[in-house]
Amino acid sequence: MTHDVPVGRRVAAERTFLGHPRALATLFLTEMWERLSFYGMRAILVLYLTAEVADDGLGLGESSATAVYGTYNAMVYLMALPGGWVADRLIGARRSVLWGGVVIAAGHYVMAVPTRWSVFAGMTLIVLGTGLLKPNISTMVGALYDRDSPRRDAGFSIFYMGINLGAFIAPLVTGYLGEKINWHLGFAVAAVGMTFGVIQYVVGRRKLGDAGERPADPLLGADRRRALTRVGLAAAALVVLVAALALAGLFTVDTVVNLLTAVTVLVTIGYFTRIMTDRELSATEGSRMKAYLWLFVFAAAFWLIYDQAGSVLNIFAADRTDRDVAGFTFAASWLQSVNPILVIIGAPLFALLWLRVGHRVSTPVKFAAGLVLNGLSFVLMAAAAQAAVGGNRVSPWWLVAVYALQVAGELSLSPVGLSATTKLAPVKYASQMLGLWFLATAVGDAIGGQVARLAETWSESTYFLTFGLASVAFGLGAVMFARHIRALMAGIH
């Protein structure tokens with residue numbers, strides 16, 4: 001398998017990138033540009049969807065727009081599953097990342113076309129491309145090091161910085177261009193960013209050595225033909241379904257969103273059912289998967305609230321926040337840059353914290369802390385919404401404080417969840433568990449998109465307070481079950 005190739009040793013004598021294999025620079029920049037394009041488009045998506053047609057927006061209601069946003073995020077993470085399969089069984093991680101980048105760029109260019117249909121066609125392409133790129137570029141980073149290399153974790157930390165650097169810069173650029181000049185110009189800049197990413201990836205491909213060159217477990221002969229036939233039949237069935245909905249007059253935004261939400265939940269149920277009923281799992285592995293199911297539910301509940309930063313909170317920033325500074329009104333989407341910069345600042349602090357507390361604080365308790373902090377952020381938003389009653393505009397520092405609480409929650413749950421996923425994974429499903437972890441985000445975003453519809457019919461303060469207190473209660477409940485879940489983890493802390 002490509003993971004076993006000691007590429008790190010082979011390139012050690014060559015030029016390095018911050019003391020790491022030079023290939024890390026290529027992957028770092030590819031991911032940075034991809035995240036720049038992704039978060040740049042995402043920062044203005046809901047604002048464009050809800051903007052009046054007279055202002056060159058799409059004119060959707062907030063209910064439909066927030067549901068579209070949540071479903072779009074869900075599909076990005078859901079497609080990591082087939083994207084990983086394509087790399088492992090058909091074309092390898094390296095080609096998957098390349099073609100993924102090309103398709104993402106094409107999606108952004110389509111969104112730059114000033115027509116009503118372009119945004120949905122473009123998002124479809126971006127979802128497909130991200131499914132190919134996102135899981136497989138991480139695989140390639142791992143392939144640069146020996147499994148037990150002490151530099152492996154540090155390499156991923158540098159790579160993670162690329163993600164957040166792109167996420168920080170993106171809204172500042174696309175937000176200004178999209179909100180102040182033209183929405184489609186903002187989408188076009190995201191396209192140019194991804195194009196830069198693809199170009200530098202192609203230029204730097206020689207530095208990658210053997211990383212991701214070949215499929216890890218390739219399908220050959222009759223098996224390959226059978227798999228491609230099934231994919232073709234599934235694609236044909238999808239086309240027939242779309243055509244049938246269109247002919248019946250049911251091919252609407254809300255219908256598609258509802259169907260995709262149902263698909264996300266059903267895929268998750270099917271995935272867990274398959275693993276939990278597998279008789280080849282040992283008793284210990286079965287117990288650990290029961291514990292993981294609890295953690296999965298906690299994570300989905302967390303992302304349900306957290307990822308509303310780009311939808312409900314973004315709309316609040318545009319409509320209820322005083323953004324005037326010395327006579328200049330900054331773009332509402334600029335506040336989307338707060339989260340990534342706080343992650344960059346907070347990640348090393350939380351890493352030090354978890355090192356200090358060691359096993360005294362278990363994984364379930366850390367998840368519970370994430371849920372409580374996330375809930376408190378919405379309780380704080382309820383106070384901000386109450387202060388904005390009557391048309392008052394509140395200080396943007398309310399949102400900064402909200403995002404600070406959410407990032408503290410994210411750093412309590414997200415990296416801990418990644419680590420727990422690898423430790424609790426049954427041997428048989430080790431390579432698939434990262435995709436299962438992505439599913440938690442997909443489920444949270446899909447259901448969160450539906451939940452966010454209530455923000456249009458409920459008062460803002462009621463909406464935020466209800467779901468904030470629900471998350472806090474869920475987190476406190478998780479603390480009560482922590483000992484039971486830890487017992488199910490069978491020796492894993």
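1. Is Arg35 buried or exposed? Arg35 is buried, at a relative accessible area of 1% (buried is under 20%, exposed over 50%, partly exposed in between, with a 1.4 Å probe and protein chains only). Its salt-bridge partner is Glu34, with the closest N and O atoms 2.6 Å apart; Glu34 is also buried, at 0%.

2. A word on the basis: this is a predicted model, where local features need pLDDT of at least 70, side-chain atom pairs count only at pLDDT 80 or more, and totals for chains, interfaces and linings use all residues. Residues are numbered from 1 along each chain as its sequence is written, and side-chain values use heavy atoms, leaving out hydrogens and water.

3. The whole structure holds three salt bridges (a side-chain nitrogen of Lys or Arg within 4 Å of a carboxyl oxygen of Asp or Glu). Another one joins Arg453 and Asp254 at 3.3 Å, N to O. These two residues sit 199 residues apart, Arg453 in the loop between helices H15 and H16 and Asp254 in helix H9 (helices are DSSP runs of H or I, at least four residues, numbered from the N terminus). Arg453 is buried at 18%, while Asp254 is partly exposed at 31%.

4. Then have a look at Arg320 and Glu460, whose side chains meet at 3.2 Å, N to O. Arg320 is partly exposed, with a relative accessible area of 29%, and Glu460 is partly exposed at 25%.
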